[in-house]
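Below is a short briefing on one protein chain. The points are grouped by topic.

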Amino acid sequence: MRYRLTFVVGLAVGYVLGTKAGRERYEQLRRSAQQVAQNPAVRNTAESAAQQGRHFADKAYHVVSDKVGDRMPDSVAQRVRSLRERGTNGSGLDDWGTSST
């Protein structure tokens, strides 16, 4: 599914960049993309995908840290800690403006 979505997005970007239809067609495509992005179903799906991604990343971090243990370089451990603290900065939103609840 991810590859299909990437292909469709690439196709759309290629069309927009390569079109000779002019500014009017570009604006029409931009408005359509905005409507899709503002659709509550799309936003909910994106938010749930982000939550699942955070969950799996957290799970993977714990599995790796259990196996690696003290062999993890301090720079990596500090970076992970800083990213985790940034994610819990109290704003409730991540870098994409979606809820991190």
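The chain contains four helices and zero strands, where helices (H or I, at least four residues) and strands (E, at least two) are DSSP runs numbered from the N terminus. Along the sequence the pattern reads α-α-α-α. This is a predicted model, in which local features need pLDDT of at least 70 and side-chain atom pairs count only at pLDDT 80 or more, while totals for chains, interfaces and linings use all residues. Residues are numbered from 1 along each chain as its sequence is written, and side-chain values use heavy atoms, with hydrogens and water left out.

**Confidence**
- The mean pLDDT of the chain is 77, and 79% of its residues reach 70 or more; pLDDT is the predictor's confidence in each residue, from 0 to 100.
- Helix α4 (residues 74–87) has the lowest confidence, at a mean of 76, and α3 the highest, at 86.
- Where pLDDT is low, predicted coordinates should not be read in detail.

**Helix α3**
- Helix α3 covers residues 40–68, and its 29 residues should span 42 Å at 1.5 Å a residue; the expected span is 1.5 Å times one less than the number of residues.
- At the start of α3, a side-chain oxygen of N39 comes to within 2.9 Å of the backbone nitrogen of A41.

- The structure holds one salt bridge, defined as a side-chain nitrogen of Lys or Arg within 4 Å of a carboxyl oxygen of Asp or Glu.
- This salt bridge joins E27 and R30, with the closest N and O atoms 2.8 Å apart.
- E27 and R30 are three residues apart in helix α2 (residues 23–38), so about one helical turn separates them.
- An α-helix has 3.6 residues a turn, so residues three or four places apart point the same way.
- E27 counts as buried because its relative accessible area is 18%, whereas R30, at 35%, is partly exposed; buried means under 20% relative accessible area, exposed over 50%, and partly exposed in between (1.4 Å probe, protein chains only).

**Surface**
- Of the 101 residues of the chain, 7% count as buried.
- The chain exposes about 8,700 Å², of which carbon and sulfur atoms supply 58%; accessible areas come from the Shrake-Rupley method with a 1.4 Å probe, and for residues only the protein chains shown count as cover.
- L5, V9, V13 and L17 form a nonpolar surface patch with about 410 Å² of accessible area together; patches take residues with over 30% relative accessible area and no salt bridge, joining like charges within 9 Å and nonpolar side chains (Val, Leu, Ile, Met, Phe, Trp, Tyr) within 5 Å.
- L17 lies in helix α1 (residues 2–18), and at 72% relative accessibility L17 counts as exposed.

Notes. Polar contact = N/O pair within 3.5 Å; in protein donor to acceptor, adjacent residues only side chain to side chain.
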